[in-house]
Amino acid sequence: MLAQFLWSNASSMFNSSPSNVPRLVLPEELFLNIATVVGGKVNMGLRFLQDAACGGNLKQFLIVVGCLFAGAVIGSWCNFISVIYIGFVAAHTLPVLYEKYEDEVDNFVYKVFGQMQNQYRNLDASVLSKIPKGKGKKHE
């Protein structure tokens with residue numbers, strides 16, 4: 001943009017004609033297709049949240065609440081653009097790092113997953129098993 005501005009203003013000083021740059025026009029269908037895809041994904045996410053809230057599955061409900069809480073905490077640490085940037089960088093670097101250190105990552109994840117299963121079993125035995133199960137209807 002700076003080069004085009006300087007060229008168009010300096011061309012009159014050098015007695016040359018300014019360059020004709022073609023206009024960039026994006027088709028409307030592109031934005032309609034993007035809106036359709038994004039709208040479908042948003043509706044699918046809202047359906048999932050409603051099923052988690054009304055489905056009667058306590059484990060799934062607690063996982064969803066925990067993920068939403070974690071998202072809120074992370075969102076309070078930085079703004080939305082930073083979260084998008086971090087997600088973009090992570091999406092492009094983590095697969096490469098995983099391929100390079102696949103065995104170490106898998107061993108670590110299995111170890112953490114085993115610890116989480118033990119913690120869940122303890123929580124289930126001491127708290128969750130004592131909560132009576134509801135016989136609610138599933139909303140559609």
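1. Phe 48 is found in helix H2, helices being DSSP runs of H or I with at least four residues, numbered from the N terminus. With a relative accessible area of 42%, Phe 48 is partly exposed; buried means under 20% relative accessible area, exposed over 50%, and partly exposed in between (1.4 Å probe, protein chains only).

2. The model is predicted: local features need pLDDT of at least 70 and side-chain atom pairs count only at pLDDT 80 or more, while totals for chains, interfaces and linings use all residues. Residues are numbered from 1 along each chain as its sequence is written, and side-chain values use heavy atoms, with hydrogens and water left out.

3. Phe 48 belongs to a nonpolar surface patch that also includes Leu 24, Phe 31, Ile 34, Leu 49 and Leu 68. The members of this patch have about 1100 Å² of accessible area together, as given by the Shrake-Rupley method with a 1.4 Å probe, where for residues only the protein chains shown count as cover. Helix H2 (residues 28–54) gives the most to the patch, with eight residues. Patches are made of residues with over 30% relative accessible area and no salt bridge; like charges are joined within 9 Å, and nonpolar side chains (Val, Leu, Ile, Met, Phe, Trp, Tyr) within 5 Å. A salt bridge is a side-chain nitrogen of Lys or Arg within 4 Å of a carboxyl oxygen of Asp or Glu.

4. Leu 49 also lies in helix H2 and counts as partly exposed, at 35% relative accessibility. Its C-alpha atom is separated by 9.6 Å from that of Val 65, 16 residues apart along the chain.

5. Leu 58 lies in helix H3 (residues 58–77) and is partly exposed, with a relative accessible area of 36%. The C-alpha atoms of Leu 58 and Lys 133 are separated by 8.6 Å, the two residues being 75 residues apart along the chain.

6. A patch of negative charge on the surface gathers Glu 99, Glu 102, Asp 103 and Glu 104. Asp and Glu count as negative, and the place of the charge is taken as CG of Asp or CD of Glu. Helix H5 (residues 102–126) gives the most to this patch, with three residues. Glu 99 lies in helix H4 (residues 80–100) and counts as exposed, at 64% relative accessibility.

Key
Helix = DSSP H or I, 4+ residues; strand = E, 2+ residues; numbered from the N terminus.
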